[in-house]
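Have the viewer open as you read.

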Amino acid sequence: GSTSEMHDKVRGKGTFKSATEGIKLLLRYNVPVTVRVTINKYNLNDLEAISELLLSKLRLKNFSTNAASYMGMCRQNADEIQLD
């Protein structure tokens with residue numbers, strides 16, 4: 001998600017701050033950064049803001065996407081997370 005409220009809802013409390021600070025630190029030291037956004041029911045309508053965050057605010061060159069798949073934590077929450 002593009003905000004801590006949106007991101008932390010799926011990834012856990014404090015993960016937005018950790019992720020964005022980690023990206024900034026890596027970029028400061030010229031370490032290549034790859035971000036993959038997993039599209040799900042929570043962030044489907046937030047994709048434009050996510051793009052703005054990653055490309056304009058964090059200044060990444062690009063990012064990729066995938067849909068939430070039936071594995072990991074999604075197995076326990078598939079109906080709530082996966083796209084129809």
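Which residues make a nonpolar surface patch of about 370 Å²? In this predicted model, the patch is made by Leu-25, Leu-26, Tyr-29 and Val-31. Val-31 sits in the loop between α2 (15-28) and β1, and at 35% relative accessibility it counts as partly exposed.

Now for α2 itself. With 14 residues, the helix reaches 20 Å from its first C-alpha to its last, close to the 20 Å expected at 1.5 Å a residue. Its buried residues are Phe-16, Thr-20 and Ile-23. They cover an arc of only 60° around the axis, so they lie on the same side of α2. The buried residues of α2 pack against α1 (4-11) and α3, while the face turned away from them carries exposed Lys-17, Ser-18 and Arg-28.

Next, Asp-46, which is placed in the loop between β1 (36-39) and α3 (47-57). Is Asp-46 buried or exposed? Its relative accessible area is 10%, so Asp-46 counts as buried. Leaving aside neighbours within four places in sequence, Asp-46 is in contact with Gly-1, Ser-2 and Met-6.

| Residue | Relative accessible area |
|---|---|
| Val-31 | 35%, partly exposed |
| Asp-46 | 10%, buried |

Notes
Residues numbered from 1 in each chain as written. Predicted model: local features only at pLDDT ≥ 70, side-chain atom pairs only at ≥ 80, totals over all residues. Heavy atoms only, no water. Helix = DSSP H or I, 4+ residues; strand = E, 2+ residues; numbered from the N terminus. Buried < 20%, exposed > 50% of the residue type's maximum accessible area, 1.4 Å probe, protein only. Contact = heavy atoms within 4.5 Å. Patch = residues over 30% accessible without salt bridge, like charges linked within 9 Å, V, L, I, M, F, W, Y side chains within 5 Å. Areas by Shrake-Rupley, 256 points an atom, 1.4 Å probe, with all protein chains shown as cover. Salt bridge = Lys/Arg side-chain N within 4 Å of Asp/Glu carboxyl O. Expected span 1.5 Å × (residues − 1). Arc of directions from axis to C-beta.
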